[in-house]
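Here are some notes to read alongside the model, written for someone opening it for the first time. Please keep the viewer open as you go.

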Amino acid sequence: MSHENRNTSDLKSDKVKDYSKYFDFSDAKLISQEDGKSTYRIKGRNIQINAAPSYRDEKQRGKEDVQVLYDFAIPDDMQEFGQGKYYLIATYGCQMNEHDTEVMRGLFEQMGYRSTEDKHVADVILLNTCAIRENAEDKVFGELGHLKALKAEKPDLVLGVCGCMSQEEAVVNRIMQKHPFVDIIFGTHNIHRLPVLLKDAYFNKEMVVEVWSKEGDIIENLPKKREGIRAWVNIMYGCDKFCTYCIVPYTRGKERSRRPQDVLAEVRELARQGFQEITLLGQNVNAYGKDFEDIAYTFGDLMDDIRKIDVPRIRFTTSHPRDFDDHLIEVLGKGGNLVEHIHLPVQAGNTEVLKRMSRKYSREQYLELVRKIKAAVPNAVLTTDIIVGFPGETAEQFEDTLSLYDEVGFDFAFTFIYSPREGTPAADMEDNVSMEEKKHRLYRLNELVNKHSKLSNERLLNTVVEVLVEGESRTNADVLAGRTRSNKLIHFTGDKSLVGKMVNVQVTHAQTWILKGEIVAQPIQLSI
Ligand code: 5AD
Ligand code: SF4
């Protein structure tokens, strides 16, 4: 495809492909092939495939350029389409998915749809899915089971599956075979095609599958419907790290950074709208800018520019230790609105395991990075992600994870049992660690995580912390809930009018998961 004069309405592929290479079409009948679309009859339903995921294509990192486009518009015939109709999006997984949901909400609302939380009221239900571990996928298939009954009651309901699971050949195959009542399947690279796909599904009454295997262009002017006081801003898409256990490089495509002027303009606009906290998002934010050919501008440069924008708190997630450079550390040391909380996934504490995970740093290099961060960023709070039971992880190697955890003294960790993902290199590695042993390792690690969380909270006792008030506590309307700069949850008594504001709170109780405190007028001894 020529890259000249491309626009957002282009289909990524105009060639008809042979989908029987990816899918089990043994009892499917090919009905027609035209305009790059193939229609099959499977299990009594017509399925129109515009494009389908291919593991092989997703693995490749081609040279083709990524264009930045500013020409998105809802097609004329879809602009009023949602009048009087309701949409519901169920979001699974990470903040990137949450943010994609904001884009889809924006698209729905531009078409005139209104939002609902009630499945029985919704005219369209989308499941924005996560593929990172098997249990995330199980949840979605479970939900599809429930929705089958609803669809039987309400045949006009449009049911869609999007997000990372749609990028998997095996998942699309399974939906076509076992859940033929689904109406639309689209992926992470063609979210902007939602209005067109909706139209096809409504009028043709066929299942429409359009999943691009290769990343699309960056489309800057997609609508986003944000709510609350905290906003997410995507600074880059995709991941080129290919950690051996991880499916993300396949489902999210190659690394593409948004242009600095576009990111800065968006952050300035959010500041103007009064957002109190902005989280910069990317699968590996530290690789930001590496793909620019015309300018030398890194994540450190971006943070240094964003620091000057008048937003009380700036966060970022997620970091890869390998790309965390000295310039970024120096910029983070300037503090101000750059919060001192750094999420730095380590995954394992043993160099041999890290090597097999293809993390490209050793235990010692990670510890050295932590030392540098702690030296440069006063009161740095570190959190992490850890996988236990990676194929072949020995008992001693697991002990190294525990000792690293103690040595760093993380405030919190997300901990996971390794889950094999089809198509990733680790899925083919011999795994001689029993599930029982993996569960035992997770239990031991979680005990340590809890111990450190409690200790780190206890260190805050009697200090005064700056809190962004998020709302009423879930269990007691007289109690407000907020977050410290280091993202710790804190409860305190206060008036509802404080929601969305910054207050100073003196910590009076410290538990493993939560702090409690009392509002004070003036900072006594400011802490994090
Ligand atoms: N199994 C278990 N955990 C995984 N993660 C990523 N892939 C897998 C997998 N196959 C974890 C990593 C990552 C976090 C988002 O999810 O710890 O940092
Ligand atoms: Fe997955 Fe590794 Fe990329 Fe993170 S850096 S998204 S763990 S491949």
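Predicted model: local features only at pLDDT ≥ 70, side-chain atom pairs only at ≥ 80, totals over all residues.

1. Let's begin with the charges. How many salt bridges does the structure hold? The count comes to 44. One of them joins Arg 252 to Asp 100, with 2.9 Å between the closest N and O atoms. Arg 252 sits in helix H6 (residues 248–252) and Asp 100 in helix H2 (residues 95–110), so this bridge ties together parts that are 152 residues apart in sequence. Are the two partners buried or exposed? Arg 252 has a relative accessible area of 6%, so it is buried. Asp 100 is buried as well, because its relative accessibility is 8%, and the cut-off for buried is under 20%.

2. A second bridge worth a look pairs Arg 485 with Glu 340, where the closest N and O atoms are 2.6 Å apart. Here too the pair links distant parts of the chain, 145 residues apart. Arg 485 is in the loop between strand S21 (479–484) and strand S22 (489–493), while Glu 340 is in the loop between helix H9 (326–332) and S17. Both Arg 485 and Glu 340 are buried.

3. Glu 352 counts as partly exposed at 38% relative accessibility, and Arg 356 is partly exposed with a relative accessible area of 24%.

4. Staying around H10 for a moment, have a look at Asn 350. This residue lies in the loop between strand S17 (341–343) and helix H10 (351–356). Asn 350 counts as buried, at 10% relative accessibility.

5. Now the rings. A search of the whole structure turns up 17 aromatic pairs. In one of them, the ring centres of Phe 25 and Tyr 40 are 4.4 Å apart and the planes make an angle of 40 degrees, so the pair is tilted. This pair links distant parts of the chain, 15 residues apart: Phe 25 comes from the segment before strand S1 (29–34), and Tyr 40 from strand S2 (residues 37–42). Phe 25 is buried at 10% relative accessibility, and Tyr 40 is buried at 6%.

6. Phe 412 and Phe 414 give another arrangement to look at. Their ring centres are 5.0 Å apart and their planes are at 90 degrees, so this pair is edge-to-face. Phe 412 is partly exposed, with a relative accessible area of 25%, and Phe 414 counts as partly exposed at 43%. Elsewhere among the rings, Tyr 361, Tyr 366, Tyr 405 and Phe 410 are linked by ring pairs into a cluster.

7. On to the helices. How many residues of helix H4 (residues 169–178) are buried? The count is 7 of its 10 residues, so this helix is mostly covered. The buried ones are Glu 169, Val 171, Val 172, Asn 173, Ile 175, Met 176 and Gln 177. In helix H5 (residues 194–204), the buried residues are Leu 194, Pro 195, Leu 197, Leu 198, Asp 200, Ala 201 and Tyr 202. Just after H5, check the backbone at Lys 205, which takes a positive phi of about 60 degrees.

8. Last, the surface. Glu 64, Asp 65, Asp 291 and Glu 293 form a negative patch there. Of these, Asp 291 is found in the loop between strand S15 (277–281) and helix H8 (299–306). Asp 291 counts as partly exposed, at 32% relative accessibility.

Key: Residues numbered from 1 in each chain as written. Chains lettered and ligands numbered in written order. Heavy atoms only, no water. Patch = residues over 30% accessible without salt bridge, like charges linked within 9 Å, V, L, I, M, F, W, Y side chains within 5 Å. Areas by Shrake-Rupley, 256 points an atom, 1.4 Å probe, with all protein chains shown as cover. Salt bridge = Lys/Arg side-chain N within 4 Å of Asp/Glu carboxyl O. Lys, Arg positive; Asp, Glu negative; His and termini not counted. Charge placed at Lys NZ, Arg CZ, Asp CG, Glu CD. Helix = DSSP H or I, 4+ residues; strand = E, 2+ residues; numbered from the N terminus. Buried < 20%, exposed > 50% of the residue type's maximum accessible area, 1.4 Å probe, protein only. Phe/Tyr/Trp six-rings, centres within 6.5 Å; stacked < 30°, edge-to-face > 60°.
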